[in-house]
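Here is my note on the model you asked me to look over. Please keep the structure open beside it while you read the points in order.

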Amino acid sequence: MPSKSETLSYPSNRQPPNPQPPPPPSSPTDFFFSLFHHHPRLCLLSLFLLLQLLFLISFSDHRMPFLTAAPSASISAVNSTTPPPDQCENGKIFVYDLPSQFNSDLYQNCDKSSAWGNWCGALSNDGFGRKVTENNHLMPENLASAWYSTDQFSSEVLFHNRLLFHKCRTLDPESATAYYIPFYAGIAVGKYMMDEFSPKDRDQHCEKMLEWVQKNYPYFKKSNGWDHFLVMGRITWDFRRYGDQGWGSRCITMPSMTNVTRLLIEKNPWDYFDVGVPYPTGFHPSNPSDVVSWQEFVRSRERRSLFCFAGGTRGWVENDFRGLLLSQCRNSSKSCRLVDCSGGQGCGTSVILESFLDSEFCLQPRGDSFTRRSIFDCMLAGSIPVFFWRRSAYLQYEWFLPGESESYSVFIHRDEVRNGTLIKAVLEKYGKEEIKRMREKVVETIPKLIYAKPNEGLGSMKDAIDIAVDGVLKRIKDRKNEEINLG
């Protein structure tokens with residue numbers, strides 16, 4: 001629309017339409033009376049349609065409020081678009097309307113939610129953490145804005161935000177295949193992990209949540225919980241205390257939790273209802289083109305080191321395996337890039353990312369438990385992981401990693417290393433073409449390992465949350481079909 005100072009121009013061989021329009025009515029009232037006098041039926045029809053339009057606009061603004069307290073004020077609307085049937089072929093999800101004490105209150109009280117200090121910075125920005133700039137020199141400028149200082153225990157908030165907007169979310173619980181419980185179990189227990197707190201302190205939130213769900217909705221009792229799921233943002237062992245002695249809460253071992261599917265960054269491989277999901281990394285792209293650009297960047301990256309190791313010794317661990325890796329890396333300094341985190345210095349995210357980007361392979365021993373976030377930082381950088389425990393990845397993340405472990409990784413049993421096997425000698429046996437094929441498989445896997453920034457996801461490109469939700473819906477749908485077939 002031109003401004004008042006602009007004029008419309010026409011080709012020289014044409015005249016403006018209606019070059020001599022009739023003079024306008026002297027006032028709006030005269031105009032409407034004149035129009036009604038000459039076209040009464042048209043005016044009545046227009047008035048009727050206008051009233052209908054005003055009614056529809058007024059009704060559409062009165063949307064149903066969130067069923068769940070949103071963890072961030074930035075969330076202001078529910079995804080009400082009805083997806084094509086094939087996008088929700090495994091059914092729909094109902095999100096429980098939990099009291100805020102089980103999620104948003106825990107999120108907002110981040111300064112009191114961790115035994116290791118203030119957690120607000122780590123949980124800021126809808127769980128993604130603050131934006132980082134120290135990595136900017138390592139990557140193309142257009143990708144730097146997709147990087148955040150994301151905490152490894154933030155998955156509860158990331159999943160919650162996404163599921164509020166998920167294309168397969170339903171507001172009708174009777175039509176749901178699966179029921180999502182947005183309980184922040186990991187944040188709830190975080191401040192109570194130390195010995196000075198009682199077992200009752202550690203268990204209180206989970207006990208109250210289960211009591212509330214069963215009291216206020218009939219669906220949990222109908223299925224005994226097996227069509228319900230939740231995200232628990234820590235490792236499974238933080239929720240598996242037996243009795244009053246030991247570490248963590250007993251949330252998973254409570255009778256009501258037996259059949260509930262739990263999405264965890266480390267699972268118990270022998271518990272069907274535990275599902276391992278990737279640790280959140282710092283890369284959160286806003287669109288599919290960012291992912292493709294990152295894949296191309298790490299695929300074409302020149303790598304000057306054969307392998308690398310980022311980690312520190314565990315002085316309190318007898319026969320510490322990490323110490324062996326540090327020693328081998330130091331003794332192979334021309335082939336191995338070492339980031340020694342033993343003293344807590346010189347181990348920033350920028351240094352670690354650069355070591356992964358510059359190395360063909362990255363050594364991935366177990367962490368404080370069988371898994372570690374570094375696995376996903378390594379693969380995100382296009383480096384090929386070297387494992388020493390099968391429980392570090394192969395028995396953990398089946399929904400996300402390629403089925404043939406040798407196609408994207410190397411396995412060297414830890415006992416072989418303890419008995420003198422040189423890691424450098426093993427890795428030097430891989431030729432350039434074989435390394436290229438393995439790297440390509442790692443790069444192909446990257447979308448499944450990331451947590452995208454938009455609440456709506458990345459469309460047809462599925463990230464870790466999409467894969468996890470699809471998997472949960474499929475297993476629950478298959479179980480219901482089995483019950484129907486058994487009659």
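Which residues does Asn90 touch, not counting residues up to four places away in sequence?

1. Since this is a predicted model, please read what follows as a description of that prediction. Asn90 touches Thr177, Asp470, Leu473, Lys474 and Lys477, once residues up to four places away in sequence are set aside. Asn90 itself is found in the loop between helix 2 (40–60) and strand 1 (93–95). Asn90 counts as buried because its relative accessibility is 19%, and the cut-off for buried is under 20%.

2. For the protein chain as a whole, the secondary structure comes to 17 helices and 11 strands, and 50% of the 487 residues count as buried. The chain exposes about 24900 Å², of which carbon and sulfur atoms supply 53%. Among contacts between residues at least 6 apart in sequence, 72% join residues at least 24 apart.

3. Please then find the open sheet of 5 strands, whose order is 8-7-9-10-11 and whose pairing is parallel. Its edge strands, each pairing on one side only, are strand 8 (336–340) and strand 11 (410–411). Strand 10 (residues 384–387) pairs with strand 11 in the parallel sense over 2 bridges, and Phe387 stands opposite Phe411 in strand 11.

4. Helix 11 (residues 321–331) lies across strand 7 (305–311), strand 8 and strand 9 (359–364), and runs at about 135° to strand 8.

Notes:
Residues are numbered from 1 along each chain as its sequence is written. This is a predicted model: local features need pLDDT of at least 70, side-chain atom pairs count only at pLDDT 80 or more; totals for chains, interfaces and linings use all residues. Side-chain values use heavy atoms; hydrogens and water are left out. Two strands pair if DSSP finds at least two bridges between them. Helices (H or I, at least four residues) and strands (E, at least two) are DSSP runs, numbered from the N terminus. Contact means heavy atoms within 4.5 Å. Axes are lines fitted to C-alpha atoms, for helices over the stretch in contact, and angles run from 0 to 180 degrees between N-to-C directions. Buried means under 20% relative accessible area, exposed over 50%, partly exposed in between (1.4 Å probe, protein chains only). Accessible areas come from the Shrake-Rupley method with a 1.4 Å probe; for residues, only the protein chains shown count as cover.
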